[in-house]
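Please read them with the structure open.

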Number of protein chains: 2
Amino acid sequence: MDIREYAQISKKASVLLASLSGSDKNFALIMISERLQSNSDKIFSANKLDIQNSEKNGVEAPILKRLKFDQKKLDEVIEGINSLIKLEEPVGKELKVTELDSDLILHKVSCPIGVIGVIFESRPDALVQISALCLKSGNACLLKGGSEALETNKALAKIIYEASVLAGAPEGWMHLLETREDVREMLSCDDAIDLLIPRGSNEFVRYIMDNTKIPVMGHADGICHCYVDKFADLEMAVKVVTDSKTQYVAVCNATETLLVHEAISKAFLPMIQTSLEEKNVKIYGCEKTREIIAVEATTTDSFGTEYLDFEISIKVVSDIDEAIQHINTFGSGHTDVIITSDLKRAETFMVLVDSGNVFLNCSSRFSDGFRYGFGAEVGISTSKIHARGPVGLEGLLIYKYKLFGKGQIVADYSDGKSKFTHRDISNQS
Amino acid sequence: MDIREYAQISKKASVLLASLSGSDKNFALIMISERLQSNSDKIFSANKLDIQNSEKNGVEAPILKRLKFDQKKLDEVIEGINSLIKLEEPVGKELKVTELDSDLILHKVSCPIGVIGVIFESRPDALVQISALCLKSGNACLLKGGSEALETNKALAKIIYEASVLAGAPEGWMHLLETREDVREMLSCDDAIDLLIPRGSNEFVRYIMDNTKIPVMGHADGICHCYVDKFADLEMAVKVVTDSKTQYVAVCNATETLLVHEAISKAFLPMIQTSLEEKNVKIYGCEKTREIIAVEATTTDSFGTEYLDFEISIKVVSDIDEAIQHINTFGSGHTDVIITSDLKRAETFMVLVDSGNVFLNCSSRFSDGFRYGFGAEVGISTSKIHARGPVGLEGLLIYKYKLFGKGQIVADYSDGKSKFTHRDISNQS
């Protein structure tokens, strides 16, 4: 079968999946969790095969580490499924109830989006998390994992699919794609797939965004900034900037550019230089920066670069407006931080910086679904519609309107025979 | 200046517009309303020119009618602006407040999307409505109206823009496009425009959707269905189906296909034939329909056709599942109605039919922002993300996360030195 057919099957399954009750879905999640445990040997031996193949192919150590799926990883994903089971049922929530007229009642009700295509990195635990999230939210899914993890993903997908269908999930609700060619084909299935969530490198996400008509939720770049204002507590600024840059460098919410207000630059730059160089961060500075500390010069590309490494660009700005404008020009709308003790200036920054996450006096690394308390994270979105910033389960939901009448027709309202009442009765039922 | 430059100017203006207070925006709306009134002569004479040109060019009567902008239309749009002024300020709403830890508070706050491109039909009143909606929601906009209304639109846009800027709106927040070439150029400005809202004919909307990477909100087709179940009150069904088809045929929420349960087809089809033919509706029927009433045969295309006219397709189905499957195959996800007195069957239909609006025992023509009580309508969306069904002001909004800290760093939480509390404190401030 080709991917277009699988996509159509998913579309049909998605309708049935949308009608499953919360307890049905939780039962399926329990079955999945049990089957993953009782079939752990199959998963681990598939994973060994992947690791052997990857070693043979000279795959680098960090990827090998992420690829590993052992008892600890299994325990973690099962804990994740258990916390999903405890979450409130997200489908069928009454978001608003309006009386349009007596006996003509409009309900706005949450429902799944439909069919989600998710393309994720080499960690096989992502497959478990994502399929469980899709099931909980009632969405059918087409999944594609990293090619290094193919055997592990096949073993996991088989267990999850069979357990869920046995528990009552509709056949065809989930399908694992195996090749890059499959992904390319999936990008053209805009008649069946409602949303794509690509997770992975910049270039990869950008490739997806540029080659499909299906809406894409995610982020390509994560060029995050810290701006140290002239009213900053400089010791706090050192702490926050150092954490934002170095706590974990390979991720989208790590800071890539430091903006420093001119008025405190002479005091602050030597302080931050000491702290960053202690962590082996390589610093590139603008001309004004280099008048104060001895660092390499930034190039024309520096401020558009996502290092994802122990490197940072520094620019001295003459006021907060220049900082805001720099961020809105070179940033990626991900996460930007101001360090100041002036709340009014903080508010200006947080309104005018056009990013999904704007922080005062804390690390950019807090920009994350788990740290935000979402329980589960679908991804981080830098787009401006549907969902923005870290996205939890609600990013996989939309709503429909259900109107309950007793024979009403529009002609009576346009003739003036009947009149709309338009009363919000959301809290009365 | 070319459109790319205007788009960049809009992007800059959108940041400032996002920071205007509710009272600033309402003041601008009052100024607009006053200036429209005091400059009515300029608007009416521009409109006369458009009508003369259109008559010369042999434009059809219905378009000429929609093109007309007189005192009555002016009063209507001013009433619309006044009701917008009264609406609650949509920007800056606290959607959720979470304590991540003591003194680390996360606010989810509503904000404008940014820059909206709206392409609308020949009614010049649409320009006033849309620009006022964008202003109230804090979005910059690029507008393109029907070419027949160019002079009227130019007059209206000039008055609205000048009045709003005088009242404090940022320069460049609104721009009128004049040619189709402009629209084509706008479609490529995905670095500056965040959302496109095309309103108009199917082919036109589909052209937009197929030729841009900017997210599009709207609907191409409106293939709406009425399904008359075997437990329907047949007199009610006649009334509702007739209104759904004939109350106003040229619109997306008019019904195009009637599905009839076999068990009541012999009783119902002659009744609905009489009622529809009284309104001069031409009926096309499937084979089973034509065994009961004498009508023309449907073709292979009938069930995918949006007539927008006094025409309807009828199909006899053997059960509710066939009806649901027909709708999910041939429908456009717009509005679909079940007529039944069995609430359980209604619920099945309303969950399984994958449309933005699913109705029980009332006309499909109720599917409309004004009838839903939204006060203002941006359009109707058949997409599955961001906004679905009739879209009010909230379709022009998104949110951002503001995190207020006191120097917290992530290292302390990953070391276990600090712990997240994740308390929902939305109703405490």
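1. Two strands are taken to pair if DSSP finds at least two bridges between them. Helices (H or I, at least four residues) and strands (E, at least two) are DSSP runs, numbered from the N terminus. On that basis, four strands of chain A form an open sheet with parallel pairing, in the order β5-β4-β3-β6. β5 (174–177) and β6 (195–198) of chain A are the edge strands, each with a single partner strand, so one side of each has no neighbour in the sheet. The twist from one strand to the next averages 15°; angles run from 0 to 180 degrees between N-to-C directions, and axes are lines fitted to C-alpha atoms, for helices over the stretch in contact.

2. This is a predicted model, in which local features need pLDDT of at least 70 and side-chain atom pairs count only at pLDDT 80 or more, while totals for chains, interfaces and linings use all residues. Residues are numbered from 1 along each chain as its sequence is written, with chains lettered from A and ligands numbered from 1 in the order in which they are written.

3. Within the sheet, strand β3 (residues 115–119) of chain A runs parallel to strand β4 (residues 140–144) of chain A, and five bridges join them. Val118(A) is opposite Leu143(A) in β4(A). Helix α1 (residues 3–17) of chain A lies across β3, β4 and β5 of chain A, at about 145° to β4(A).

4. Chain A as a whole has 15 helices and 17 strands. Its C-alpha atoms fill a box of roughly 75 × 70 × 35 Å along the principal axes. Of its 429 residues, 53% count as buried. A residue is buried if 20 or more other C-beta atoms lie within 10 Å of its own, exposed if 12 or fewer, and partly exposed in between, with C-beta atoms placed from the backbone. Among chain A contacts between residues at least 6 apart in sequence, 72% join residues at least 24 apart; a contact requires C-beta atoms, placed from the backbone, that lie within 7 Å.

5. How do helix α2 and helix α5 of chain A cross? The axes of α2 (residues 22–38) and α5 (residues 71–86) of chain A come within 10 Å and cross at roughly 170°. α2(A) is therefore roughly antiparallel to α5(A). The cut-offs are under 35 degrees for roughly parallel, over 145 for roughly antiparallel, 65 to 115 for roughly perpendicular, and oblique for the rest. The crossing is left-handed, that is, the near helix is turned anticlockwise from the far one by less than a right angle; clockwise would be right-handed. Residues of α2(A) in the contact include Leu29(A), Ile30(A) and Leu36(A), and those of α5(A) include Leu74(A), Ile78(A) and Ile81(A). By class, the contact of α2(A) with α5(A) has nine nonpolar, four polar and no charged residues. Here Ala, Val, Leu, Ile, Met, Phe, Trp, Tyr, Cys and Pro count as nonpolar, Asp, Glu, Lys and Arg as charged, and the others, Gly among them, as polar.

6. Strand β1 (residues 94–101) and strand β2 (residues 104–112) of chain A pair in the antiparallel sense over six bridges, with Val97(A) opposite His107(A) in β2(A). They form a hairpin with two residues between them, and Asp103(A) in the turn has a positive phi of about 65°. β1(A) is also joined by two bridges to strand β17 (residues 423–424) of chain A, in an antiparallel arrangement. There Thr98(A) has Asp424(A) as its bridge partner.

7. Which element gives the largest share of the side of chain B that touches chain A? In the interface, 56 residues of chain B are in contact with 56 residues of chain A. β16(B) supplies the largest share of the chain B side, eleven residues. That side divides into 29 nonpolar, 16 polar and eleven charged residues.

8. Glu99(B) is found in strand β1 of chain B. This residue is partly exposed, with 17 other C-beta atoms within 10 Å. Leaving aside neighbours within four places in sequence, Glu99(B) is in contact with Ile105(B), Thr421(B), Arg423(B) and Ile425(B).

Note on methods. Contact = placed C-beta atoms within 7 Å.
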